[in-house]
Amino acid sequence: MNGTTALLILHGLCAVALLGAITHQAASVLLPARKPAASFTGRFRGVSGGSYVDAVVVLYIVTALLGAIIYGEYRISVRTVIEQLEMRSANGVFELKEHFAAIGVGLLPVYWYAWREPLGTHGRTRAVLTALLAFVVWWSFLVGHVVNNIRGFGS
Amino acid sequence: MRFAIVFAVVYAIAYLVCVERNYALFTYHPAIGEWGVGVEKGRDGPAMYWYGWMASSTLAASLAGAAAMLLPQSAARRLPAGASWVAAAAAMLAFCYLLRGFFLR
C-alpha cells in the first residue's frame, strides 16, 4: 500500500465521519423531532444540532485538505484513464464535486456564525446553509466513491 | 457575522469568475510535483489550477470581508444573511450549466 492509498483511505474515513455529523445535524434542523423520541428515526432527528458545528467545520477542512493532497495523483492516474475510456459523465460529476467542495469551503465561516447566534435569529439561514453543506458532502462522498471504483482500489 | 456573510457571497462569485476566466494565483504541475506563480501552461503533463482558483477567491473574499468590518453598525445590520446561501446555490447551479457538455452529447 503506497502513501496515496493510505491518504485516500484516511480521506474516506474522515468523509464518513463528516457525512454522519452533517446528516444528523441536517435532520435535526430540517425535520426536528419531539424529545424524548421513542423511535430510531426520532432519536436520529432529535439530536442537538448545535453540538455538531465545530466537528463539521474541522472534519470538512481536514477532509478537503486530504482530498487536495491526493488530487494531483488523481489528475495523473485516474482522470487520464477516465478520459481514455471516454466516460464523460464520470469526469463531469467529478468536476462538479471539485467546484461544489470549493464553494462549501467559502460557506464554512457563515455556517459557523449562523449556528452560534441565538436560536431565534437566522433560523432559516442556518437551516439552508446546513442543507446546502449536507448536499455538497453527500455529492462529494458518492462521486468520490464511484470514481474510485472505476479506476480500482490500489491499481 | 458581517465578515462571514460578505466572505461567503464574494467567495462564491469570485470562485465562479476565477474558474471561468482562469484567474489562478498559482498553478500546480502534478506530473513533476512543481508549483508556478500565476497561470502557467502544463509542464510535462497537465496543469492544475483548482488550488490557485481557491486561493484567488479566498484572497478576494477576505479583502471584501475586511472591508465589511469597516461599515458602520447601522449599515452592517442591513446585510441579509440569506445572501450567503443564495450566492453559493446560484454559483453551484451556474457550474451545472457550464459543465453541461459533459452530460449532453
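1. The residue B:N22 sits in the loop that lies between α1 and β1 (26-29) of chain B. In this predicted model, B:N22 adopts a positive phi of about 55 degrees although it is not a glycine. Most residues other than glycine have a negative phi. B:N22 counts as partly exposed because it has 13 C-beta neighbours inside 10 Å.

2. Phi of B:D44 is near 55 degrees, a positive value in a residue other than glycine. B:D44 belongs to the loop between β2 (34-37) and α2 of chain B. Is B:D44 buried or exposed? With 9 C-beta neighbours inside 10 Å, B:D44 counts as exposed, the cut-off for that class being 12 or fewer.

3. Along the principal axes, the C-alpha trace of chain B spans about 55 × 35 × 15 Å.

4. Burial and contact range in chain B may be read together. Of the 105 residues in chain B, 38% are buried. Among contacts in chain B with a separation of 6 or more, 66% are between residues 24 or more positions apart.

5. Buried residues account for 37% of the 155 residues in chain A. Of the contacts in chain A between residues at least 6 apart in sequence, 73% join residues at least 24 apart.

6. One helix pair of chain A deserves a separate point. How do α3 (residues 53-84) and α4 (residues 88-116) of chain A lie, and at what angle do their axes cross? The axes come within 11 Å and cross at roughly 165 degrees. Angles over 145 degrees count as roughly antiparallel, and α3(A) is therefore roughly antiparallel to α4(A). The crossing of α3(A) past α4(A) is left-handed.

7. The residues that join this pair can be listed by helix. From α3(A) come A:V53, A:V57, A:Y60, A:A64, A:R79, A:I82 and A:E83. They meet A:A90, A:N91, A:A101, A:G104, A:V105, A:L108, A:W112 and A:W115 in α4(A). By class, the residues of this contact of α3(A) with α4(A) comprise eleven nonpolar, two polar and two charged.

8. The last point concerns the contact between the chains. Chain B gives 33 residues to the contact and chain A gives 29 residues. On the side of chain B that touches chain A, the elements that give two or more residues are α1 (2-21), α2 (50-68) and α4 (83-98) of chain B. What is the division of the residues on this side of chain B into nonpolar, polar and charged? There are 29 nonpolar and four polar residues, and no charged ones.

Methods:
Residues are numbered from 1 along each chain as its sequence is written. Chains are lettered from A and ligands numbered from 1 in the order in which they are written. This is a predicted model: local features need pLDDT of at least 70, side-chain atom pairs count only at pLDDT 80 or more; totals for chains, interfaces and linings use all residues. Axes are lines fitted to C-alpha atoms, for helices over the stretch in contact, and angles run from 0 to 180 degrees between N-to-C directions. Helices (H or I, at least four residues) and strands (E, at least two) are DSSP runs, numbered from the N terminus. Angles under 35 degrees count as roughly parallel, over 145 as roughly antiparallel, 65 to 115 as roughly perpendicular and the rest as oblique. A crossing is left-handed if the near helix is turned anticlockwise from the far one by less than a right angle, and right-handed if clockwise. Two residues are in contact if their C-beta atoms, placed from the backbone, lie within 7 Å. Ala, Val, Leu, Ile, Met, Phe, Trp, Tyr, Cys and Pro count as nonpolar, Asp, Glu, Lys and Arg as charged, and the others, Gly among them, as polar. A residue is buried if 20 or more other C-beta atoms lie within 10 Å of its own, exposed if 12 or fewer, and partly exposed in between; C-beta atoms are placed from the backbone.
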